[in-house]
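Welcome! Take a moment to look over the sequence and the fold below, and then we can walk through some parts of it together.

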Amino acid sequence: MREAPTAQSNSTNAARARTLRFAHFTDLHITPDRPSEPGMKQAFETAQADGIEMILTGGDLIMDGFATRRAQVDREWALLHKIFQEHCRVPVEHCLGNHDIFGFCRSKAELKGDEPDYGYGRSLGELKLGARWRSFDRNGWHFIVLSSVEPDPDNECAYLAYLNDEQRAWLEADLAATKLPTVVVSHVPIITVTATIRAGESERKKKETVIAGSQVHLDAAPVHGIFRRTGNVKLVLSGHMHLVDRCEADGVTYCCSGAVCGGWWKPHKTYCEPTYALIDLFNDGSFDYRVKPTGWTNP
Ligand SMILES: [Zn+2]
């Protein structure tokens, strides 16, 4: 069903036609220990009733694999597969978050680091992905799925958000090879408004706002520069903050789509309610972006 352009529309072209409607589901944090199963069921029902044709995830698919022992990580991935098999009726494209990496924090995960599924190996295997980052075309649009999270060389239980050299070179080449309007997704925001909210008033004494390199991409300037130069990137999606934000820089719109789990499947004062983004893409390179409640309330 064709909907009338809304106030959020970025186009006034009366001839434009929608070519794809999809949902951005980020920060699912699936675990058998909290009500993620009914919460995810509700999210799928709500989004699918909206007529989505695809789900693009934003990472943090399971509660945690980064600093968690194998038996628990096994339970979380098993539940994720069960939930998607039972409730998801549209194609899914997955993006990986920090919590999907297995055992970078080796001391807490009780791993040595030489296991075949250590690090990114586990989620690539679980999701049958050939690579951490990739791109694909759908309905006249180009999609780029980035992989934000790298180990922190100074602390095995921390991480940093940036594109490694290989990924950045790949991104430049991939964007140079397409003329299609492009949607990019990364787990950690490349540019975000909410990081300054997180920084809080305590920073006043230091006379500066400090934003951690695990919270926002450390390479925002060069990556945004790549987006600007190519001119095709319309919409850049992220998660990670469990907050909803939207900003625009040099014609590129950056949106953080909250979290499907809200505050990790618990009621939470600071973080968003369970949300997802409903996105319409049009044949003139414009889009509509809306954040909606999944309909689930954490008990
Ligand atoms: Zn998360």
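Which residue in strand 2 does alanine 23 stand opposite? Alanine 23 faces isoleucine 55 there. Keep in mind that this is a predicted model. Below, we begin with the whole protein and then follow one stretch of it.

**The whole protein**

- The protein contains 7 helices and 13 strands. Its radius of gyration is 19 Å, close to the 19 Å that the globule rule gives for 299 residues, so the protein is as compact as a globular protein of that length.
- Along the principal axes, the C-alpha atoms fill a box of roughly 60 × 45 × 40 Å.
- Of the 299 residues, 42% are buried.
- Among contacts with a separation of 6 or more, 73% are between residues 24 or more positions apart.

**Strand 1 and its partners**

- Strand 1 covers residues 18-25 and pairs with strand 12, residues 275-282, in the antiparallel sense over 6 bridges.
- Within that pairing, arginine 21 has aspartate 280 of strand 12 as its bridge partner.
- Strand 1 also pairs with strand 2, residues 54-57, but here the sense is parallel, over 4 bridges.

**Helix 1, between the two strands**

- Strand 1, helix 1 (residues 36-49) and strand 2 together form a right-handed β-α-β unit.
- How far apart should the ends of helix 1 be? At 1.5 Å a residue, its 14 residues should span 20 Å, and the end C-alpha atoms are 20 Å apart, which agrees.
- The buried residues of helix 1 are Ser36, Gly39, Met40, Ala43, Phe44 and Ala47. Seen down the helix axis, the buried residues fall within an arc of 135 degrees, so they line one face of helix 1.
- On the face turned away from that buried side, you can find the exposed residues Pro38 and Ala49.
- What covers the buried residues of helix 1? The cover includes strand 1, helix 2 (70-87) and strand 12.
- Just after helix 1 comes glycine 51, which takes a positive phi of about 85 degrees.

Technical notes
Residues numbered from 1 in each chain as written. Predicted model: local features only at pLDDT ≥ 70, side-chain atom pairs only at ≥ 80, totals over all residues. Rg over C-alpha atoms; globule rule 2.2 N^0.38 Å. Buried ≥ 20, exposed ≤ 12 C-beta atoms within 10 Å, placed from the backbone. Contact = placed C-beta atoms within 7 Å. Pairing = 2+ DSSP bridges. Right-handed = clockwise from strand over helix to strand, strands pointing away. Expected span 1.5 Å × (residues − 1). Arc of directions from axis to C-beta.
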